[in-house]
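Have the model open beside you as you read.

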Amino acid sequence: MNTLIRNGKVVTATQTLAADVLIEGEVIKEVRAGIPANSAAKVIDAAGMYVLPGGIDCHTHLDMPFGGTTSADDFLTGTRAAAFGGTTTIVDFAIQPRGTRMRDALDTWWKKAEGKACIDYGLHIIVTDLGACGLEDMDELVDEGVASFKLFMAYPNVLMVDDATIFKTLSQTAKNGALICMHAENGSVIDVIVARALAEGKTAPVYHALTRPPRAEAEAVHRAIALAEIAGAPVYIVHLSSEDALNEVREARDRGVPAFAETCPQYLLLSIEELERPNFEGAKYVFTPPLRPKHHLPKLWEGLQQDHLQVVSTDHCPFCFADQKILGKNDFTKIPNGGPGIENRLQLMFHYGVNKGQLSLNRFVELTSTTPARIFGMYPRKGEIAAGSDADLVIWDPNALYTISAATHHMRVDYSMFEGYEVTGNARTVLSRGEVIVDAGQFLGKPGRGNYLKRTARGGAWK
Ligand code: URP
Ligand code: ZN
Ligand code: ZN
């Protein structure tokens, strides 16, 4: 069926124009002003609205075993919540358990998504071990559309890999065109600081932040970029949280090094004080890297403005307060690390970015949709409004008032990191490959309709 979106203002990373969008089946057929109303069986009036490319969240953890439990959203609840917030594509992380083949992780995550995913999804593989497999495993995965891998420089004995593994995998991506995403914190040093804190009886949530200093992040970012340079590969720093780490990325980019980085709404809007909330509520804000002192926040906004940071993702990794965060009641190291955010990214970035004059409308689209599509090998199929692109579109009401709350959100988690935040601007209608999946607060999509996305290695962003 053809659909016509009329009278809206189409916003892409590069332009804002009054235009209609004609959709034929799952793809965009035409974008121009004055497409006749009788061109399609279904007509959506978008007067007073923006028409945006669907949001792309390239950092989510659905149904992921972590910290002795499993993240609370699965592919159904997580992708449905994403859709409510205007996100139509995610790239989730599949973990290679140590001693297994990387390929098994892909199969495991496909099963998790099967019959559940409500929007299209790609997968990164978290590489934990080269022992049971060779580097050729990476090439096989690239052929399956896994255009990116994540490595951890933190969590010794769990997920952390050594510098040799980092260098080998980076070198492999220099050949196969994939991208290494790096969790950059010096895990060995952090573990020593953590042990000292526990020995001194410091067990409250705030010590999670105090034992992971910004310099431990900056050191790892510096090392990751240096290793990538030696390997001749690009590198992408995930969930960058501090001014110190940002300076390392900026310095490298100024030298022309293909280093990229994302940050997340929590690092732009929240600070370390949240971890001091009474009654153990600080645990709601325990994730890594941790929240930083307030003076880091404007630096991160500047980083977005000046393109030292290229992407805003969520690092959505929800754990319920009542029965999961509580595991660390007497020891902050046992609090499952992660926070919810998949539903609120566009609302927060529009309100605090565009409405508050920190980001142009086009930069907002670039950070939340177009650049993630480019970097992660999905462009121009995703992240664009043009003939031939998938009709993943958000009809965005810039004047809608919305109060973020766990009482009304759709994520399967019993708290919100942004409880009570009042934002202006929200998704009114969301289309995924031409199908209306959210309209006026109703979910209309079917679980399982989301497709696995075969992504293309060497998306081109670093050429
Ligand atoms: O605390 C976090 N960020 N949990 C998710 C895993 C990760 O490191 O991204
Ligand atoms: Zn991480
Ligand atoms: Zn993460």
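This is a predicted model: local features need pLDDT of at least 70, side-chain atom pairs count only at pLDDT 80 or more; totals for chains, interfaces and linings use all residues.

The structure holds 15 aromatic pairs, where rings of Phe, Tyr and Trp (its six-membered ring) pair if their centres lie within 6.5 Å, and planes under 30 degrees apart count as stacked, over 60 as edge-to-face and the rest as tilted. One of them joins Trp110 and Tyr452: the ring centres are 5.2 Å apart and the planes meet at 75°, so this pair is edge-to-face. Residues are numbered from 1 along each chain as its sequence is written, chains are lettered from A and ligands numbered from 1 in the order in which they are written, and side-chain values use heavy atoms, with hydrogens and water left out.

Back to that pair: Trp110 has 23% relative accessibility and counts as partly exposed, whereas Tyr452, at 19%, counts as buried. Buried means under 20% relative accessible area, exposed over 50%, and partly exposed in between (1.4 Å probe, protein chains only).

Next, look at Tyr236 and Phe376, whose ring centres lie 4.9 Å apart with planes at 80°, so they too form an edge-to-face pair. Tyr236 is in strand S15 (residues 235-237) and Phe376 in the loop between helix H12 (361-375) and strand S18 (393-403), so the contact ties together parts 140 residues apart in sequence. Tyr236 is buried at 1%, and Phe376 is buried at 1% relative accessibility. Elsewhere, ring pairs join Tyr50, Phe350, Phe364 and Trp396 into a cluster.

Charges meet rings as well. Lys112 lies over the face of Trp109, 4.6 Å from the ring centre, and the charged end of Arg212 sits over the ring of Tyr155, 5.7 Å from its centre. A charge sits over a ring if NZ of Lys or CZ of Arg is within 6 Å of the ring centre and within 35 degrees of the ring normal.

Finally, which protein donors hold the zinc ion (ligand 3)? They are His59 (NE2), His61 (NE2) and Asp315 (OD), 1.9 to 2.1 Å from the ion; donors are N, O and S atoms within 2.8 Å of the metal (3.2 Å for Na, K and Ca), and water is not among the atoms, so sites may look incomplete. The 4 donor atoms around this zinc ion subtend angles of 89 to 131°, which makes the arrangement tetrahedral (four donors, all angles between 85 and 135 degrees). His61 is buried at 4% relative accessibility, and Asp315 is buried at 9%. The zinc ion (ligand 2) is 3.9 Å from the zinc ion (ligand 3).

Definitions and conventions:
Four donors count as tetrahedral if all angles lie between 85 and 135 degrees; four count as square planar and six as octahedral if opposite donors are over 155 degrees apart and all others between 65 and 115; anything else is irregular. Helices (H or I, at least four residues) and strands (E, at least two) are DSSP runs, numbered from the N terminus.
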